Protein chains: 2
Amino acid sequence: MTLDVVSYLKTKKTQINEHLIMLLKRTEAPKRLKKSMLYSVKAGGKRLRPILMLAVIEAFQCKTEYGMQPAAALEFVHTYSLIHDDLPAMDDDDLRRGLLTNHKKFDEATAILAGDGLLTFAFTCLAQAPFINDKVKLWLIQELANAAGSSEMIGGQMDDIQAEGKTLDIIALEKIYQKKTGRLLEFAVMAGATIANGDQSTKDNLQLFARHLGLAFQIQDDILDIEGDESMLGKPVGSDVGNKKNTYPEILGIEGAKKQLKVHFEKALDALNRTSIQHEALEGIAHFVIERHY
Amino acid sequence: MTLDVVSYLKTKKTQINEHLIMLLKRTEAPKRLKKSMLYSVKAGGKRLRPILMLAVIEAFQCKTEYGMQPAAALEFVHTYSLIHDDLPAMDDDDLRRGLLTNHKKFDEATAILAGDGLLTFAFTCLAQAPFINDKVKLWLIQELANAAGSSEMIGGQMDDIQAEGKTLDIIALEKIYQKKTGRLLEFAVMAGATIANGDQSTKDNLQLFARHLGLAFQIQDDILDIEGDESMLGKPVGSDVGNKKNTYPEILGIEGAKKQLKVHFEKALDALNRTSIQHEALEGIAHFVIERHY
């Protein structure tokens, strides 16, 4: 690859961070609530979902700026889901990305409201997205509500909680991963393709790319929870074992998990290679997903 | 008035309840999550917000069915806000409408996710609302996200929490009420007027009507918390005093609060009388709001 993925990701991340903060700063909210919303948004993260959306748009040689606000909306939804997932009643996590989780930094009530606020604000951002026509805006709203809704992301979190302490097979685990993180990654990719007005055959391949990438992403997460470096991850390793979570390494062993990671990575690249879009950056992102240390 | 308000409200409530349950039953979600969402939606309530929306649509002699899905979306948002407000970290209430609150019936994690699910589903309902053109759909989405967002409803809940134990003046309290409940009632009325494609002058008067009605509603809530009948309310009276909440009777005394109730009721009716729409049902609803015992 001629593209420098590391600097590509860094540039995009900076661009997205600026946009997220610009949008959020414009909103009115009680001081403490706004501070709490900004805290979790600023806490960073890989920004994988918005970067994917922008990279797809660029792969179609469409303008990046068309996707900035939809990409921000998606990241607000992702951030809200992390705030609520970290709550004591859910995963009860104290650290996220090396910082105190929202309810630890503020309090539970503020964290619940900050999550609610970010989720709601995502729909404001989509409804007001510049450059996007009404039909596409409504598609984005419907698809994001679906991907983040009770049948997908929220449902996946519910399944995940209910599966704690139980032994799942790989099919059941894959289904939870698909719902919990897969569908939002898929939305990122398909939103990019829809904004760029891509053709159906390319969209079909991109959907396959997104599905395999989503699973690869989650498997690498599982592997990092065992083999990762706490200082890179910004959270303790081994929390999945502690929380009695079902994971790929738990079911398939670490080598089996690594094999599956490779299978999904290759299937993702195969799908990408069947398209005629400029997919260098997307390929780079896929490499990052399976090679990352955080 | 020739219109029988009691039977009007009953008919509309039945119609709305059926629609809410029909929409929710169609969604896919893990069994326990769906049960929890249905539980709070079925727990009932006055359905004041959706009834207001439908009554405005009918006042313009537009078809009721045009408003059914947007009205349901609004009620889902209202229901989600009650589930989250009742949580231990917030108002910590055990009873709502004579039934266990969601987190008492299920558990905190499920209640948080059920709230998230209902909020998200509201936007699905708006994006897919039949009979509504794309422009109006986007208006509804933007306005509902705004009214329910961190600057309004969620912000009002934050303000309310932060004001506990502090002494507010009536201006500050009115502002919290405006944000916490007023804006969603206003949305109900303005959404009805927008769906019915009402003229600007009528819309302006309806907005005034909604604002005064919203305050009257909240003042009556405060009065019922002192003078109400627990068996009618379905929750203990005196909880505002127990929670050190600022209320109209707390600041103005019970007689002062009743006087303000009358002032806002009359201003609401004045605004309504300046319109030329068929406002008999709306007038009936205003009477219900200040005369209700629950």
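**Entry 1: packing of H14(B)**
I started with what the buried residues of H14(B) pack against: in this predicted model, they meet helix H1 (5-26), helix H3 (48-59), helix H10 (200-227) and helix H13 (248-273) of chain B. Next I listed the buried residues of H14(B), which are B:Ala281, B:Leu282, B:Ile285, B:Ala286 and B:Val289. They lie on the same side of H14(B), because the arc they cover around the axis is only 145°.

I also checked the length of helix H14 of chain B, residues 280-291. At 1.5 Å a residue, its 12 residues should span 16 Å, and the end C-alpha atoms are 16 Å apart, so the two agree.

**Entry 2: chain A as a whole**
I then turned to chain A and found 14 helices and 2 strands. Its radius of gyration is 18 Å, close to the 19 Å that the globule rule gives for 294 residues, so chain A is as compact as a globular protein of that length. I noted that the C-alpha trace spans about 50 × 45 × 35 Å along its principal axes. Of the 294 residues in chain A, 53% are buried. Looking at contacts with a separation of 6 or more, I saw that 72% in chain A come from residues 24 or more positions apart.

**Entry 3: where A meets B**
How many residues of chain A are in contact with chain B? I got 43, in contact with 43 residues of chain B. On the chain A side, the elements giving two or more residues are helix H2 (31-42), helix H6 (108-127), helix H7 (134-147) and helix H8 (153-163). H6(A) gives the most, with 12 residues. By class, I have this side down as 21 nonpolar, 14 polar and 8 charged residues.

Conventions. Residues numbered from 1 in each chain as written. Chains lettered and ligands numbered in written order. Predicted model: local features only at pLDDT ≥ 70, side-chain atom pairs only at ≥ 80, totals over all residues. Helix = DSSP H or I, 4+ residues; strand = E, 2+ residues; numbered from the N terminus. Expected span 1.5 Å × (residues − 1). Buried ≥ 20, exposed ≤ 12 C-beta atoms within 10 Å, placed from the backbone. Arc of directions from axis to C-beta. Contact = placed C-beta atoms within 7 Å. Rg over C-alpha atoms; globule rule 2.2 N^0.38 Å. Nonpolar A, V, L, I, M, F, W, Y, C, P; charged D, E, K, R; others polar.
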